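I opened my notebook to look through one protein chain. I wanted its outline, its strands, its pockets and its ring pairs.

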Amino acid sequence: MFHRPLDDVIIEATNPDGSEAVLEIQAKRSLTFTKSDNEFADVVKRIWASAQLPEFKANRYELAVAIARSTTRIETACQEALFWARELPNGAAFPPHL
């Protein structure tokens, strides 16, 4: 097995068609989602590293961050960002919605 950047929980599975599937999860007690939060910066770097793996583009390869403590304000903002990330046609259309 090779290095997985989000390394707290790794689930390797097989899709019904026989192709590989991976879920990487990084678990954190809390994140403040600010420039000064070193934990947040570390998670972003790990996500970027996972997204650069050849397997990320070739297989079903999902990434997640599990956060034990959050606030309603942060949770609402995160859910809105995730909604737009799923709904918009490309990365260029994403920044105006933030």
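My entries follow, from the whole chain down to single residues.

**Entry 1: ground rules.** I am reading a predicted model, where local features need pLDDT of at least 70, side-chain atom pairs count only at pLDDT 80 or more, and totals for chains, interfaces and linings use all residues. Residues are numbered from 1 along each chain as its sequence is written, and side-chain values use heavy atoms, with hydrogens and water left out.

**Entry 2: the whole chain.** I looked up the elements and found three helices and three strands. Their order from the N terminus is β-β-α-α-β-α. Here helices (H or I, at least four residues) and strands (E, at least two) are DSSP runs, numbered from the N terminus. The C-alpha trace spans about 40 × 30 × 20 Å along its principal axes. Of the 98 residues, 19% are buried. Buried means under 20% relative accessible area, exposed means over 50%, and partly exposed lies in between (1.4 Å probe, protein chains only). I also checked contacts, meaning heavy atoms within 4.5 Å. Among contacts between residues at least 6 apart in sequence, 48% join residues at least 24 apart.

Entry 3: How do β1 and β2 pair? Strand β1 (residues 9-14) runs antiparallel to β2, with six bridges. Two strands pair if DSSP finds at least two bridges between them. Glu-12 stands opposite Val-22 in β2. Five residues separate β1 and β2 in this hairpin, and Gly-18 in the turn has a positive phi of about 95°.

**Entry 4: Gln-26.** I found Gln-26 in strand β2 (residues 20-30). Is Gln-26 buried or exposed? Its relative accessible area is 3%, so Gln-26 is buried. Beyond its neighbours within four places in sequence, Gln-26 contacts several residues, including Pro-5, Leu-6, Val-43, Arg-46 and Val-65.

**Entry 5: the largest pocket.** Rolling a probe the size of a water molecule over the atoms shows where empty space is left. On a 1 Å grid over the protein atoms alone, a pocket is an open set of points where a 1.4 Å probe fits, with protein on both sides within 12 Å along at least five of seven lines; lining residues have an atom within 4 Å of a point. The largest pocket holds about 990 Å³. It has 25 lining residues, and the closest to its centre are Phe-33, Cys-78, Ala-81, Leu-82 and Phe-94. Elements giving two or more residues are α1 (38-51), β3 (60-69) and α3 (72-87). The largest share, 10 residues, comes from α3. By class, I noted 17 nonpolar, five polar and three charged residues. Volume is the space filled by probe spheres set on the points, with grid points joined across faces, edges and corners. Ala, Val, Leu, Ile, Met, Phe, Trp, Tyr, Cys and Pro count as nonpolar, Asp, Glu, Lys and Arg as charged, and the others, Gly among them, as polar.

**Entry 6: the second largest pocket.** This one holds about 240 Å³. Its lining includes Leu-6, Ile-47, Phe-56 and Tyr-61. Which element gives the most to this lining? It is β3, with five residues. The classes are eight nonpolar, no polar and one charged.

**Entry 7: rings.** Rings of Phe, Tyr and Trp (its six-membered ring) pair if their centres lie within 6.5 Å; planes under 30 degrees apart are stacked, over 60 edge-to-face, and the rest tilted. I get two aromatic pairs by this rule. Phe-83 and Trp-84 have ring centres 5.0 Å apart and planes at 75°, so this pair is edge-to-face. Phe-83 is partly exposed at 37% relative accessibility. Trp-84 is partly exposed too, at 25%.
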